[in-house]
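Visitor: I'd like to go through the ligand site. Can you show me the model?

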Amino acid sequence: VKDKELIRGSWESLGKNKVPHGVIMFSRLFELDPALLNLFHYSTNCDSKQDCLSSPEFLDHVTKVMLVIDAAVSHLDDLHSLEDFLLNLGRKHQAVGVSTQSFTVVGESLLYMLQCSLGQAYTAPLRQAWLNMYTIVVAVMSRGWSK
Ligand code: HEM
């Protein structure tokens, strides 16, 4: 119960427009694993990581990612209601060449963004609460990968 309050409160405190936070998250992701940039076929039009991150297609994807997190935060009491959606989302990511191992780096990038965006409010229990939710989401998405 405490976990949910921590997650909801911190997510709300990021403000209405989550895209800038998503950009921090994906900048971090591409810093940790630059090869992931190539999975976005539209990335060939970019000269640099920064160019990519400000391109409309990237911002679209960042927006979609933030909407998925938003859906998870709004459904903390019944995450299983998102199962079909997340399974399918996993399938789509397998299709574009993402491997399930990459979700570890995505998780680190999410926590990095929260740390940057929340400052003092980023505490050990808060970090753990987010990690718990993220682990559930990723577990469901990973079931979308066919072996
Ligand atoms: C679609 C890549 C992580 C949510 C896509 C597409 C690519 C992609 C190439 C298709 C093109 C597009 O719609 O822009 C990646 C990579 C990731 C990643 C490389 C990190 C390793 C995530 C995460 C989420 C997410 C963590 C949310 C939790 C979505 C959504 C779509 C999408 C909602 C649209 C799916 C649809 O068309 O129905 N992703 N993605 N992605 N991604 Fe990701």
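Guide: Start with the side chain of His61: one of its N or O atoms is 2.7 Å from a nitrogen atom of the ligand. A polar contact is a pair of N or O atoms within 3.5 Å. This is a predicted model, where local features need pLDDT of at least 70, side-chain atom pairs count only at pLDDT 80 or more, and totals for chains, interfaces and linings use all residues. Residues are numbered from 1 along each chain as its sequence is written, and side-chain values use heavy atoms, with hydrogens and water left out.

Visitor: What does the side chain of Lys92 do with the ligand's oxygen atom?

Guide: An N or O atom in the Lys92 side chain is 2.6 Å from that oxygen.

Visitor: Which residues coordinate the iron atom?

Guide: His61 and His93, each through NE2, at 2.0 Å. Donors are N, O and S atoms within 2.8 Å of the metal (3.2 Å for Na, K and Ca). His61 lies in helix α4 and His93 in helix α5, so the pair ties together parts 32 residues apart in sequence. Helices here are DSSP runs (H or I, at least four residues).

Visitor: And what's the geometry of the iron site?

Guide: Octahedral, with 6 donor atoms and angles of 85 to 180°. For six donors, that label requires opposite donors over 155 degrees apart and all others between 65 and 115.

Visitor: Switching topic, which helix gives the most to the shell around the ligand?

Guide: α4, with 4 residues.

Notes
A polar contact is a pair of N or O atoms within 3.5 Å; within protein, one must be able to donate a hydrogen and the other to accept it, and residues adjacent in sequence count only if both atoms are side-chain atoms. Helices (H or I, at least four residues) and strands (E, at least two) are DSSP runs, numbered from the N terminus. Four donors count as tetrahedral if all angles lie between 85 and 135 degrees; four count as square planar and six as octahedral if opposite donors are over 155 degrees apart and all others between 65 and 115; anything else is irregular.
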